[in-house]
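Hi,

Here is the structure I said I would pass on. Have a look at it first, then read my notes below.

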Amino acid sequence: MSAPVDVPVALLGYGTVGSAVHRLLEDGAEDIARATGHRLRVVRALVRDPGREREHAPAHGVLTGDFRRIVDDGGVALVAEVMGGVEPTGEYVAELLRRGIPVVTANKQLVARHGPELFEAAAEGGAQLRFEASVCAAIPVIKLLRESLVVTNVHRVLGIVNGTTNFVLGEMEAGSTYADALAEAQRLGYAEADPTEDVSGLDAAAKMAILATVAFGSRVALEGVEVAGIDALRDEHVAAARALEMRVKLVGEAVLVGERVGVRVGPAFVDAHHPLASIEGAFNAVMLQGDAIRELTLEGPGAGGTETASAIVADLVSVLGASEAGFLRDDPVWRSLGALPHGELPSPYYLRLEVEDRAGVLARLAQELASEGVSVARLVQQPGDGHAVLHVVTHEAPAGRVEAALRAIRALPESRGDASALPVVSSRGVEELGWT
Ligand code: NAP
Ligand code: HSE
């Protein structure tokens, strides 16, 4: 394989997202080189204050407070805009694009408000403008809509698209105050520089305008989105929702009705059985409804430095992958991995055992399980027809060890019926599983 092509990258911004992009590019340099044939190297990062102490500071000379050092440098081949704001950010991005330098951005306000001018600048300069990170952070919904779902005629988009407010509402349900929950979201790097954008619904409105634009293929202006935030919610709303077996969520909805588009964002009571009700913390979810796909739901981290940086890096890789060979064009197989032997895949297990109902039998079963290293988390005994039915949930154990224990149990003279095992899929600890 020939040596990877060197690609000097500039970051506009080196905060929560920008510093995480730098780290991912450094940690993933080999993977990116293998995938694209390019080595991405951060050579400049624009900040307000280059002299400030930073936790993950780049090499000396990378930070600059002067945009001209990026655009006039001549050597910068790709730019990631992760500084936020509309001005002067929009002017910077437009100038880069006009000069033919591809830009990827996490900035939903910029894309929602100035998308048309920026795409015009991109066309003028023959450069790509990508914006995956601007909507739902780590969830690749833009790529999915633009590529995989291009002929599906999506007519409804429903989702939770702001991580901060989803986190705040969850914390309030758990007893936190609004102010404390918001302060925690800021500390965790989820909130916008001005968190009123999150709580007023403006952040979600920009994302829904972008989603509607891409899904319906028609420009949806931010001003056209009906917006309400969670700032007007009261504790009583959260309590009432709980009493109705519902949850309060900030929900975005975009619909295509005939030849017209409607987009809105606001707090809603979501039935506890609806998929959006189970979206916790700073996670987002987007449900897409279309003619060919019926319904498809994507869920994942919707905020956070590393999570957003992963989408920025994905866009950078897409820009490269569209222009040069690599596994994005060819065979995706680049290494040879061994197979995990059958029976080594671990899982918690449900076991159904039927045995004679008399003293000492339970101890024999426990002994057979223990001799295979299978540990019992829960056990429920029910009377059967002259024997006992045991429902057992185990802690995580390799499938082969569980099978070996079952074989031994089936061979016991006290065994009745056919002992069986099924893996348990649960995000709760197995000790917490109930039995009604
Ligand atoms: P942040 O932590 O506040 O970082 C902003 C960075 O940009 C800082 O390095 C800052 O410099 C620099 N900057 C801001 N204005 C500048 C200006 N006028 N001139 C030069 N440098 C400037 O923000 P962030 O959380 O990383 O967010 C960045 C962007 O990503 C925003 O558009 C946001 O909406 C988007 N986003 C964020 C998340 C998230 O979870 N955080 C998720 C998705 C999308 P200093 O360091 O000197 O202050
Ligand atoms: N402030 C935004 C949120 C960041 O909480 O969803 C991700 O766009």
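What follows is a short tour of domains, sheet, helices and cores.

First, the ground rules: this is a predicted model, where local features need pLDDT of at least 70, side-chain atom pairs count only at pLDDT 80 or more, and totals for chains, interfaces and linings use all residues. Residues are numbered from 1 along each chain as its sequence is written, chains are lettered from A and ligands numbered from 1 in the order in which they are written, and side-chain values use heavy atoms, with hydrogens and water left out.

The domain assignment lists domain 1 (5-137 + 324-329), domain 2 (141-301) and domain 3 (346-425); such bounds come from an automatic or database assignment. Between the C-alpha centres of domain 1 and domain 3 there are 57 Å.

Now the sheet. Six strands form an open sheet with parallel pairing, in the order β3-β2-β1-β4-β5-β6. (Strands are DSSP E runs of at least two residues, helices H or I runs of at least four, numbered from the N terminus; strands pair if DSSP finds at least two bridges between them.) β3 (63-64) and β6 (129-130) are at the edges with a single partner strand each, so one side of each has no neighbour in the sheet. β1 (residues 5-12) and β2 (residues 38-46) run parallel and are joined by eight bridges, with L11 opposite A45 in β2. Helix α12 (residues 305-321) lies across β1, β2, β4 (78-81), β5 (103-105) and β6, at about 155° to β5. (Axes are lines fitted to C-alpha atoms, for helices over the stretch in contact, with angles from 0 to 180 degrees between N-to-C directions.)

Then the cores, meaning sets of buried Ala, Val, Leu, Ile, Met, Phe, Trp, Tyr and Cys residues joined through side-chain atoms within 4.5 Å, with buried being under 20% relative accessible area (1.4 Å probe, protein chains only). The largest has 47 residues, of which V141, L145, V157 and L211 touch the most other members. Helix α10 (residues 202-216) gives the largest share, 11 residues, and domain 1 and domain 2 each supply at least three. Apart from this core lies another of 29 residues, including V21, A311, V313 and V319.

N284 is buried at 0% relative accessible area, and its contacts (heavy atoms within 4.5 Å) beyond four places in sequence include C136, I160, N162 and L298.

Cheers

Note on methods. Buried means under 20% relative accessible area, exposed over 50%, partly exposed in between (1.4 Å probe, protein chains only).
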